[in-house]
Structure formats: structure tokens, C-alpha cells
Amino acid sequence: MRLAVSPIPPLPSHQLLVFLLQAGLLVLLAVLCGRLATRLGMPAVAGELCVGILLGPTVLGNVSPAAANWLLPRDAGQFHLLDAVGQTGVLLLVGITGVEMDVALVRRRGVTALGVGAGGLLLPFGLGYAAGWAAPASLLPDGSDRPVFALFIAVALSVSALPVIAKILTDMRLIHRDVGQLTLAAGMVDDVVGWILLSVVSAMAVGGTQGHHLIVPLLATALVLTVAFCVLRPLADRVMKAAEHTSDTAVVVGTATAFVLLCAAATHALGLEAMFGAFLAGMLISSGPRSLRARLAPLRTVVLAVFAPLFFATAGLRLDLSALTSPATLAAGAALLLVAVIGKVVGVFVGAKAVGVETWESVALGGALNARGVIQLVVAAAGLRIGVLNATSYTLIVLVAVITSLMAPPILRWSMRHIEHTPEEKLRLHDRSVLDWKPADQTPDAHVGAPSRRGSA
């Protein structure tokens with residue numbers, strides 16, 4: 001006789017109350033601070049991170065420890081509720097970034113984009129690896145493997161934040177300039193390679209750097225890419241087309257969400273980074289018809305308005321800027337920022353010049369691709385989760401992401417003063433499909449500021 005199974009007890013009332021207060025307050029303040037940041041000419045993510053800084057150990061934890069402990073108790077089970085929602089949100093955000101990828105754009109600017117992208121990857125990767133080896137031991141978690149830490153720093157400094165870059169280019173009316181188009185193409189190259197590298201390094205961090213622990217993630221990555229583009233691509237195309245033919249937007253959004261999360265689960269099960277699977281899923285969805293991507297607008301709105309701000313506000317809760325009061329930590333942070341900026345700007349400049357790009361355009365490309373923004377925040381969160389980073393090194397990487405994103409607009413304004421419109425740009429800018437702009441102050445505060453593909457050239 002089978003015994004009755006006891007039902008799982010519900011979430012305790014107080015735990016649910018605290019979670020609802022946390023989530024509601026973080027989303028509200030993140031939206032308000034993100035809006036304020038855009039009004040001040042900064043990326044919205046800067047304001048959203050400030051919410052975590054205000055409510056976290058840096059401000060509220062010092063001003064009113066009792067209030068901080070009640071609203072954000074140092075209890076893993078309580079905080080993991082926020083983490084679970086935040087992780088779901090960031091996976092969907094990364095999936096949307098993949099959806100916004102325009103592979104045709106990379107093909108059109110193929111050789112030039114590869115040259116620019118390679119320069120923006122190789123130099124910062126090499127400098128980042130050296131910085132990881134030279135970093136003081138205080139930046140490494142206890143028992144951490146120095147080679148894996150160095151590789152992780154290299155990956156973190158190599159990425160570019162395509163979502164933030166696209167939003168900056170859109171706000172500055174540069175999205176349909178040649179510089180804007182080439183920046184997006186090169187950024188796409190960096191994004192794809194960056195997710196692969198992050199997935200491999202994350203697997204090494206969990207398994208080790210010796211023997212099969214190094215080979216297995218590389219083989220798993222090759223397997224995932226092969227299955228994704230040879231098996232899942234036609235399958236995803238059929239499934240998403242079937243969903244679209246239902247004429248029900250809810251079915252399209254639900255199907256795309258399930259596909260992103262299941263692909264993330266698959267790569268995570270293989271020991272790779274879950275965000276790698278989410279990104280691939282988005283790219284597979286992007287290969288479908290344009291009308292399908294338009295039907296995903298409700299998902300994009302919810303993710304960008306709710307889940308993404310919640311994730312970045314939660315990321316800010318882990319920041320403790322009091323660590324910067326240590327001269328050694330402050331010096332390490334300044335050195336890391338210097339390495340990040342020199343590596344990306346000089347690397348992109350050299351790569352662009354090598355493929356025949358003009359000098360001022362090369363400067364503009366370097367300034368734009370220097371923005372780490374959202375992607376480096378996601379990388380930093382992954383490093384903290386798998387134990388490659390501690391609270392101090394996490395804080396430094398997040399600050400590098402924010403500062404480099406703030407640097408992009410002034411560098412672009414300075415360099416674009418020296419770049420004339422080409423005849424092709426003038427024709428493009430007179431196209432009604434290209435001139436279909438919204439005023440900057442009416443553009444939604446989005447982390448993924450995707451260009452309209454109607455006017456892409």
C-alpha cells in the first residue's frame with residue numbers, strides 16, 4: 001500500500017511579504033533612477049545599479065543597519081527568491097539580445113567587422129589575462145585558482161555591451177551612419193565570441209584547468225554550436241512559425257520564452273554557462289521572419305521594464321563601495337579601468353586601421369565598443385555566482401562596466417565632429433524608413449536598443 005505523500009508546505013507568510021516588498025521597491029526605484037540617469041545623459045543601467053547601492057551595504061547598511069536587515073535580511077533562502085527572479089530576467093534579457101542580432105549585417109560588413117572585432121578581443125584579452133595574474137591576492141576568493149581568475153578577468157575585459165551600444169547609437173542618431181553600422185557588426189562578433197569564452201571559462205572554474213576539465217567544455221561548446229545550427233535552427237523555425245500562424249501573440253511570446261529557458265537549461269546541464277544557451281536561442285529565433293520578431297514586442301517590454309531593472313538593482317545590492325577606502329583596492333580598481341580602456345580602444349583602433357578604416361572612424365569605433373555596460377555586469381554576476389570573484393573584485397568589475405559605458409557618448413561626440421557624411425549615408429538618411437525616429441526623450445529606456453532593420457544597410 002502506497003503511503004500518502006505529504007504536501008510541500010507553502011512559502012511562509014513573512015518570507016512572501018518581505019519578497020514582495022523587496023521586488024516592488026527595487027523595481028519602482030530602478031525605473032525612477034534609470035529614468036533620472038537617462039535625463040542626465042547616462043545609461044539607464046547606471047541609475048538602476050545605484051538603487052542597489054542605496055539599499056545595500058554601502059548606504060542603507062551603514063545608515064540604518066536595522067532597516068537594512070529587515071528589508072534585506074542576510075538569509076540565503078530569502079535572497080535566493082530575488083536571485084531566482086533576477087536570473088530568469090537576465091536569461092530572457094540575453095535571449096532578447098540574441099533575437100536582436102542581425103547576422104545579415106555581419107555578413108555584409110564581414111571582413112571589416114572581423115578585423116575590428118578581432119582587435120577589440122585580442123588586445124583586451126591579453127592585457128586582462130596579465131592583469132589577472134598581477135592582481136593582489138585580496139581580489140581572489142579563498143581557494144580560487146589564479147589561472148582561472150586571470151582567464152575570467154580577460155573575458156570580462158574583452159566583451160562589449162551591444163545592447164547599451166545600440167541604445168547609445170540610437171539616442172545619438174548614429175545608428176544608420178556607417179560608423180554605427182560597423183560598430184554593431186563588430187559588436188556582434190565580440191558578443192558571440194564573448195559568450196563562448198565565458199561558457200568555457202565558467203566550466204573550467206567548476207571543473208578545474210587540468211586534463212579533461214579543459215577539453216570537455218571545449219568539446220561541449222562545439223557540440224552545442226553544431227546541434228544549435230544544424231538541428232535546432234530548422235526546428236525552432238518550424239515551431240516559431242507554427243506559433244505565429246495561431247495569430248495569438250501570447251502563444252508566440254510563451255513559445256519564445258520557453259525556448260530560451262530550455263536552451264539555457266541544456267547548456268547549464270552540459271556544464272556550460274546558462275546564458276550561452278539563452279543567447280543561442282535568441283539568435284535562432286532571429287533567423288525567423290521579421291514579423292515574428294515584431295510579435296515579441298510584449299516580451300521585450302516586460303523584460304526591459306521589469307525583469308532587467310530588477311536584476312541590475314539586485315546586482316547593485318552586492319556592491320560594497322566601502323572597499324574602495326582601501327588604497328590598495330582603489331589602486332587596483334584604477335589599474336583595471338586603465339587596462340580595460342586601453343585594451344579595448346587601442347585594440348579596436350589597430351584592428352580597424354588594419355582593415356582600411358579611416359582614423360577618426362577608428363577612434364569612434366574604439367570609443368563605442370569600449371562600453372561594457374550590461375554584458376560585463378552579467379559576466380560579473382556569473383563570476384560571483386560560480387566563485388571566481390569575491391565581493392571586492394565583483395565591485396571593481398561592475399564599476400569598470402559603468403564607467404566605460406559613461407565614456408562612450410563623449411568620445412563619440414568628439415570623434416564624429418571630424419567625420420563627413422558619405423553619399424551612401426545621405427541617401428540612407430533621406431529614406432523615410434530611416435527617418436522614422438522618435439524624439440530622444442520619448443525613446444523607451446531599454447537595455448536592448450535594437451536598430452530598425454528596415455533601414456539597415
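**Surface, core and a helix**

Modeller: Start with the surface. The protein chain exposes about 19700 Å², and carbon and sulfur atoms supply 69% of that area. Keep in mind that this is a predicted model.

Colleague: What is the secondary structure of the protein chain?

Modeller: There are 20 helices and 0 strands.

Colleague: And how many of the residues are buried, as a percentage?

Modeller: Of the 457 residues in the protein chain, 52% are buried.

Colleague: Which residues have the most contacts inside the largest nonpolar core?

Modeller: They are Val116, Phe149, Trp195, Met275, Ile285, Phe312 and Leu365. That core has 111 residues. Helix H10, residues 178-207, gives the largest share of this core, with 12 residues.

Colleague: What does isoleucine 285 touch?

Modeller: Leaving out residues up to four places away in sequence, Ile285 touches Val99, Ala256, Phe259, Val260, Leu292 and Leu296. There is also a second, separate core of 16 residues, including Val51 and Leu310.

Colleague: New topic, helix H1. How far apart are its end C-alpha atoms?

Modeller: They are 39 Å apart. H1 covers residues 13-39, so it has 27 residues, and at 1.5 Å a residue it should span 39 Å. The two values agree.

Colleague: Which helices do the buried residues of H1 pack against?

Modeller: They pack against H2 (44-55), H4 (65-71), H5 (76-99) and H15 (297-317). Among the buried residues of H1 are Val18, Phe19, Leu26 and Val27.

Colleague: What about phi at the glycine that follows H1?

Modeller: That is glycine 41, and its phi is positive, near 80°.

How values were computed. Residues are numbered from 1 along each chain as its sequence is written. This is a predicted model: local features need pLDDT of at least 70, side-chain atom pairs count only at pLDDT 80 or more; totals for chains, interfaces and linings use all residues. Side-chain values use heavy atoms; hydrogens and water are left out. Helices (H or I, at least four residues) and strands (E, at least two) are DSSP runs, numbered from the N terminus. Buried means under 20% relative accessible area, exposed over 50%, partly exposed in between (1.4 Å probe, protein chains only). Accessible areas come from the Shrake-Rupley method with a 1.4 Å probe; for residues, only the protein chains shown count as cover. A nonpolar core is a set of buried Ala, Val, Leu, Ile, Met, Phe, Trp, Tyr and Cys residues joined through side-chain atoms within 4.5 Å. Contact means heavy atoms within 4.5 Å. The expected span of a helix is 1.5 Å times one less than its number of residues.
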